[in-house]
Amino acid sequence: MKAVIDNGLVAEHNAKLQVNLQADYDALAGILARRGQDIEKLTAAAQSFAVALPSWGVGTGGTRFARFPGKGEPRNVFEKMEDCGVIHQLTRATPAVSLHFPWDKTDDPKALREIANGYGLGFDAVNSNTFQDQQGQEHTYKYGSLTSNNAATRAQAVAHNIECIELGQALGSKGLTVWVGDGANFPGQHNLRGALERYLDSMRGIYAALPADWLMYIEHKLFEPAFYATTIADWGTSFACATELGPKAKCLVDLGHHAPNTNIEMIVARLAQFGKLGGFHFNDSKYGDDDLDSGSINPFQLFLVFNELADAAQRDGAGFKPSYMLDQSHNVTDPIESLMNSAVEVQRAFVQAALVDRDALKRHQDNNDALQSAQALKHAYRTDVSAILAMARVRSGGAADPVALYRASGYREQAAVNRPAKAGASSSGIV
Ligand code: LRH
Ligand code: MN
Ligand code: MN
């Protein structure tokens with residue numbers, strides 16, 4: 001694997017932290033042993049954990065109001081791979097990238113695949129984009145794409161999704177995520193049932209083009225840009241459509257796409273129960289689709305989601321493999337730092353959920369002991385597993401403290417020199 005940051009620096013950094021890390025790790029090993037848990041198993045599990053990076057997350061995102069570009073932002077998909085390479089090199093938890101077309105479109109997918117592979121990166125699901133008009137496009141999406149009442153607009157949106165599948169195939173991707181912002185801003189603007197019928201009709205066309213070993217992920221979102229009625233607003237609609245389309249269609253849960261206080265872990269449990277949980281876009285939020293860093297606002301919710309995932313994995317075995325992806329927008333932090341931290345926070349929730357004593361929990365539930373049931377979860381959640389995460393990284397060749405090493409490496413300062421800003425450029429494609 002090609003090292004973006006000098007491996008000598010990584011070794012030096014880890015050596016400096018080694019004594020303290022080992023002491024913390026040994027102390028935690030003792031605490032866990034008293035609970036009958038083997039730290040080595042947990043560390044191995046942490047090493048096997050992976051969450052994909054959003055290509056659009058390595059540039060500053062911006063809001064509807066402004067974008068304040070950072071220094072040394074990637075200017076094309078190849079530079080995005082380099083930044084993703086740093087994140088994976090230091091965290092060893094992000095071995096895949098989720099691309100977004102046409103933002104990441106390249107004439108040379110072979111070269112992109114080779115460069116990404118060189119950094120130890122593969123490709124998770126590719127994302128289509130029919131929520132913006134693209135240059136030179138014949139029909140506008142102003143009034144909808146896959147749900148448009150204009151047949152030619154729908155055909156154009158279907159063709160774009162099929163092109164995404166073809167691009168993804170050339171890159172070794174195995175899934176297509178379809179999110180549409182289609183909907184209405186006014187009661188009566190469109191026929192609620194008619195819009196969903198047109199959506200399904202369009203999606204059938206895309207589904208028919210899916211290769212045998214591909215999945216299609218339907219991503220729901222409560223609102224925005226449609227503020228009255230979004231066509232695929234909730235998991236119920238997503239589930240109904242995935243069921244209608246067939247076994248290769250599954251539901252994707254973006255944590256930020258729900259009303260505040262929604263019980264997202266229950267949605268996860270429901271989708272898993274009926275075999276339709278396809279994957280995640282991890283992020284965090286306080287109010288809406290805030291796209292804040294994973295675990296930055298409500299880490300307990302993230303843990304509870306992983307608690308359901310651990311339960312589903314226990315019930316359903318190796319066949320249960322939802323796709324884990326980050327989907328965040330970074331406005332006030334260095335995107336590389338945010339993505340490293342977020343990957344570690346998601347990995348933390350995964351390890352904490354693995355700590356839950358499932359037999360004890362079952363016993364408490366069977367005894368209707370609500371207090372002890374809740375404590376069984378809290379006990380796992382309150383355990384500081386930082387030493388496990390750091391040891392997993394070090395053993396896999398990453399950094400004990402990724403953000404500290406990244407800052408010390410001077411990568412961003414060098415990127416600022418190598419990648420002079422283009423006036424008006426938008427690295428994510430979000431304008
Ligand atoms: C929509 C969304 C979807 C898009 C991404 C840029 O809010 O979550 O996943 O593809 O943001
Ligand atoms: Mn998303
Ligand atoms: Mn979103």
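These are my notebook entries on one predicted model.

**Ground rules.** Residues are numbered from 1 along each chain as its sequence is written, and chains are lettered from A and ligands numbered from 1 in the order in which they are written.

I looked up strand β11, which spans residues 323-326; helices (H or I, at least four residues) and strands (E, at least two) are DSSP runs, numbered from the N terminus. Both of its faces are covered, with S323 and M325 buried on one side and Y324 and L326 buried on the other. I call a residue buried if 20 or more other C-beta atoms lie within 10 Å of its own, exposed if 12 or fewer, and partly exposed in between, with C-beta atoms placed from the backbone. Strand β10 (residues 277-282) runs parallel to β11 and is joined to it by 4 bridges, where pairing asks for at least two DSSP bridges between two strands. In this pair, F282 stands opposite L326 of β11. The chain passes from β10 through helix α9 (residues 299-316) to β11 in a right-handed β-α-β crossover, that is, the path from the first strand over the helix to the second runs clockwise with the strands pointing away from the viewer.

**Ligand 1.** I then listed the residues around ligand 1, and found W56, N127, W179, E219, K221, D254, H281, D289 and D327; a residue is near a molecule if its C-beta atom, placed from the backbone, lies within 6 Å of it. By class, this shell holds 2 nonpolar, 2 polar and 5 charged residues, where Ala, Val, Leu, Ile, Met, Phe, Trp, Tyr, Cys and Pro count as nonpolar, Asp, Glu, Lys and Arg as charged, and the others, Gly among them, as polar.

**Cis peptide bonds.** F101 and P102 are joined by a cis peptide bond with omega of about 10°, and P102 sits in the loop between β2 (96-98) and α4 (109-118). A cis peptide bond also joins E224 and P225, with omega of about 10°, and P225 belongs to the loop between β7 (215-219) and β8 (229-230).

**Positive phi.** Which residues have a positive phi although they are not glycine? R92 has a phi of about 55° and lies in the loop between α3 (77-91) and β2; R92 counts as buried because it has 25 C-beta neighbours inside 10 Å. N368 also has a phi of about 55°, in the loop between α11 (358-366) and α12 (370-381), but N368 is exposed, since 7 other C-beta atoms lie within 10 Å.

Technical notes: This is a predicted model: local features need pLDDT of at least 70, side-chain atom pairs count only at pLDDT 80 or more; totals for chains, interfaces and linings use all residues.
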